[in-house]
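Here's a quick briefing to read alongside the model. Take a look at the sequence and the fold, and then we'll go through the main points.

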Amino acid sequence: MRAMKVFLPVLLVLLLASTASAQANLKIGYIDSQAILDQDPSAQTAQQQFEASLATYQAEVQQMGEDLQRLVDQYEQQQAMLSDEAKANREEEIRIKQTQYQQRIAELEQQANVRQAELVEPVMERITAVIEEIRAEGSYSMIFDVAAQGIISADPALDLTAEVVRRLQAAATTAGGSSPR
């Protein structure tokens, strides 16, 4: 017991010393990803390509919207002269066109998102590689992005993912092996 009283304070001092040493080596930096994207020529080219694709999508949506509006306008003008059956048919035709219009808008939005991802991915990979290179060369432990308020790059030694997974698997094995009866 006496040895424990002497050992515990010594252990605590060693632990605090190693923590202080680790904090002294901690080097953190930050970037502004929006400023980088605004100034990167490849990001600007990707944005221009995306806007060109978007213009095509917008033209198609606009044409479909105008066609639908024409159909509604014609129905409103002729409504008084139409029989009940003709009115019902026209209203159904308008509902079908509206549904097709909304579905096409959703499809085009999805295509636009895919296109944007295709254009942005290589740019982001390149930017991330440069940030990682700077992090390694400068011995940064972490690099934060002030625009996104998140971590962009971190020293792999700080990644606790494997340890968390190991502990979760160990807990699952223990729980599975000692099931209550």
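Where does L26 lie? L26 is in the loop between α1 (2-24) and β1 (28-31). A word on the source: this is a predicted model, in which local features need pLDDT of at least 70 and side-chain atom pairs count only at pLDDT 80 or more, while totals for chains, interfaces and linings use all residues. Residues are numbered from 1 along each chain as its sequence is written, and side-chain values use heavy atoms, with hydrogens and water left out.

**Overall layout**

- The protein has five helices and three strands; these are DSSP runs numbered from the N terminus, with helices being H or I of at least four residues and strands being E of at least two.
- Reading from the N terminus, the order of elements is α-β-α-α-α-β-β-α.
- Of the 181 residues in the protein, 16% are buried (buried is under 20% relative accessible area, exposed is over 50%, and partly exposed is in between, with a 1.4 Å probe and protein chains only).
- Among contacts with a separation of 6 or more, 61% come from residues 24 or more positions apart; contact here means heavy atoms within 4.5 Å.

**The α3/α4 pair**

- Helix α3 (residues 41-78) packs with helix α4 (residues 84-137) at an angle of about 175 degrees, and their axes are 10 Å apart.
- Those axes are lines fitted to C-alpha atoms, for helices over the stretch in contact, and the angles run from 0 to 180 degrees between N-to-C directions.
- α3 and α4 are therefore roughly antiparallel to each other (angles under 35 degrees count as roughly parallel, over 145 as roughly antiparallel, 65 to 115 as roughly perpendicular, and the rest as oblique).
- The contact of α3 with α4 is made up of 18 nonpolar, nine polar and nine charged residues (Ala, Val, Leu, Ile, Met, Phe, Trp, Tyr, Cys and Pro are nonpolar, Asp, Glu, Lys and Arg are charged, and the others, Gly among them, are polar).

**Residues to click on**

- I94 sits in helix α4, and at 10% relative accessibility I94 counts as buried.
- Setting aside neighbours within four places in sequence, I94 is in contact with L68, L71, V72 and Y75; I94 and Y75 are 8.8 Å apart, C-alpha to C-alpha, and 19 residues apart in sequence.
- E121 is also a residue of helix α4, but E121 counts as partly exposed at 48% relative accessibility.
- Q79 is in the loop between α3 and α4, and Q79 counts as partly exposed at 31% relative accessibility.
- Back to L26, which is partly exposed at 41% relative accessibility: the C-alpha atoms of L26 and S139 are 8.7 Å apart, though the two are 113 residues apart along the chain.

**The largest pocket**

- Lining residues of the largest pocket include Q34, D38, F50, Q116 and M124.
- By class, that lining has eight nonpolar, three polar and one charged residues.
- α2 (33-39), α3 and α4 are the elements that give two or more residues to the lining of the largest pocket, and α4 gives the most, with five residues.
- A pocket, on a 1 Å grid over the protein atoms alone with a 1.4 Å probe, is an open set of points with protein on both sides within 12 Å along at least five of seven lines, and lining residues have an atom within 4 Å of a point.
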